[in-house]
Amino acid sequence: MKEFPARLYHGVPEWVKAGAVFHVRGRCGRDNPVALTDPVIAKALLESVAFYHAKHRWHVTLFVLMPDHWHALLSFPQDAGMIRVVGDWKRYQEKLHGVRWQEGFFDHRLRNEPELDEKAHYIRMNPVRAGLCSQAGAWPWRIEQVDGDLRVPSV
C-alpha cells in the first residue's frame with residue numbers, strides 16, 4: 001500500500017520554468033463567519049489580489065471568489081515560495097476581515113495551453129454551476145487578465 005505524506009508542502013521544484021501557472025484553491029473553515037462574496041468583503045479581497053499582482057507577489061491570470069472558497073490561476077516569482085505568498089495573503093485577510101480559512105490550500109501546476117484553457121473554463125463556470133449567476137461573464141467577483149490588462153470589477 002502506497003503511503004502519502006501527512007502534509008503537502010506546495011514547493012515549486014527548481015526544474016519548473018519561471019512563470020508556470022498553477023491552479024490554486026483556498027477554502028474557508030467550517031467556522032468562517034463571513035461569505036467571501038459579501039460585497040464589502042469581496043471588493044476588499046479582490047483589491048488585495050490586485051495589490052499582490054501589482055507588487056509582483058504573484059501574477060494573476062484568473063481569480064474567482066465563491067461564497068466559501070476561491071479558485072485562481074496564479075504564477076509565482078522563482079524566489080517566492082508559493083506557500084509563503086498564499087499563506088501571507090490568507091493571514092492578512094483573516095486579520096483584516098475575519099475570514100477563517102481551512103489550513104493549507106490545493107495547487108496543481110498546469111502543464112500546457114489546453115490544460116490552462118480547460119481549467120480557466122472550469123473556474124469561470126463555477127458560479128454558474130452553483131446557481132449563483134446565469135452566465136460566467138455575469139459573475140462580479142472575479143479578476144481576469146485580458147490582453148495583458150488586469151480587469152478588476154467595478155462593483
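User: Which residue is the bridge partner of Phe22 in strand 3?

Analyst: That's Leu74. Keep in mind that this is a predicted model. The bridge belongs to the antiparallel pairing of strand 1 (residues 22-27) with strand 3 (residues 69-75).

User: How do you know that strand 1 and strand 3 pair?

Analyst: Two strands count as paired if there are at least two bridges between them. Strand 1 and strand 3 have six bridges, in the antiparallel sense, so they meet the cut-off.

User: What makes strand 4 and strand 6 edge strands?

Analyst: Look at the order first: the open sheet has six strands, arranged 4-1-3-2-5-6 with antiparallel pairing. Strand 4 (106-109) and strand 6 each pair on one side only, and that is what makes them the edges. From one strand to the next, the twist averages 20 degrees.

User: Which helices pack on the sheet, and what do they touch?

Analyst: Helix 1 is one of them, touching strand 2, strand 5 and strand 6. The direction of helix 1 makes about 170 degrees with that of strand 2. Helix 3 (residues 113-129) packs on the sheet too, with strand 1, strand 2, strand 3, strand 4 and strand 5 as its contacts. Between the directions of helix 3 and strand 3 the angle is about 155 degrees.

User: Why is Ser48 called buried?

Analyst: Buried means under 20% relative accessible area. Ser48 comes in at 10%, so it counts as buried. Ser48 sits in helix 1 and touches Trp89 and Gln93, leaving aside residues up to four places away in sequence.

User: Which residues of helix 2 are buried, and what covers them?

Analyst: Met82, Val85, Val86, Gly87, Trp89, Lys90 and Gln93 are the buried ones. Their cover includes strand 1, helix 1, strand 2, strand 3 and strand 4. As background, an α-helix has 3.6 residues a turn, so residues three or four places apart point the same way.

User: How do you know that the span of helix 2 agrees with its number of residues?

Analyst: Helix 2 (residues 82-97) has 16 residues. The expected span is 1.5 Å times one less than the number of residues, so helix 2 should span 22 Å. Its end C-alpha atoms are 22 Å apart, which agrees.

User: What makes the phi of His56 worth a look?

Analyst: Most residues other than glycine have a negative phi. His56 isn't glycine, yet its phi is positive, near 60 degrees. You'll find His56 in the loop between helix 1 (39-54) and strand 2 (59-65).

User: Is His56 buried or exposed, and how do you know?

Analyst: Exposed means over 50% relative accessible area. His56 has 63%, so it is exposed.

User: What is the phi of Asp147, and why is Asp147 called exposed?

Analyst: The phi of Asp147 is near 50 degrees, a positive value in a residue other than glycine. With a relative accessible area of 75%, Asp147 is over the 50% cut-off, so it is called exposed. Asp147 is in the loop between strand 5 (142-146) and strand 6 (149-151).

User: And the whole protein: how many helices and strands, and how much is buried?

Analyst: There are three helices and six strands, running β-α-β-β-α-β-α-β-β from the N terminus on. Buried residues make up 40% of the 155 residues.

Key
Residues numbered from 1 in each chain as written. Predicted model: local features only at pLDDT ≥ 70, side-chain atom pairs only at ≥ 80, totals over all residues. Heavy atoms only, no water. Helix = DSSP H or I, 4+ residues; strand = E, 2+ residues; numbered from the N terminus. Buried < 20%, exposed > 50% of the residue type's maximum accessible area, 1.4 Å probe, protein only. Axes fitted to C-alpha atoms, helices over the stretch in contact; angles between N-to-C directions. Contact = heavy atoms within 4.5 Å.
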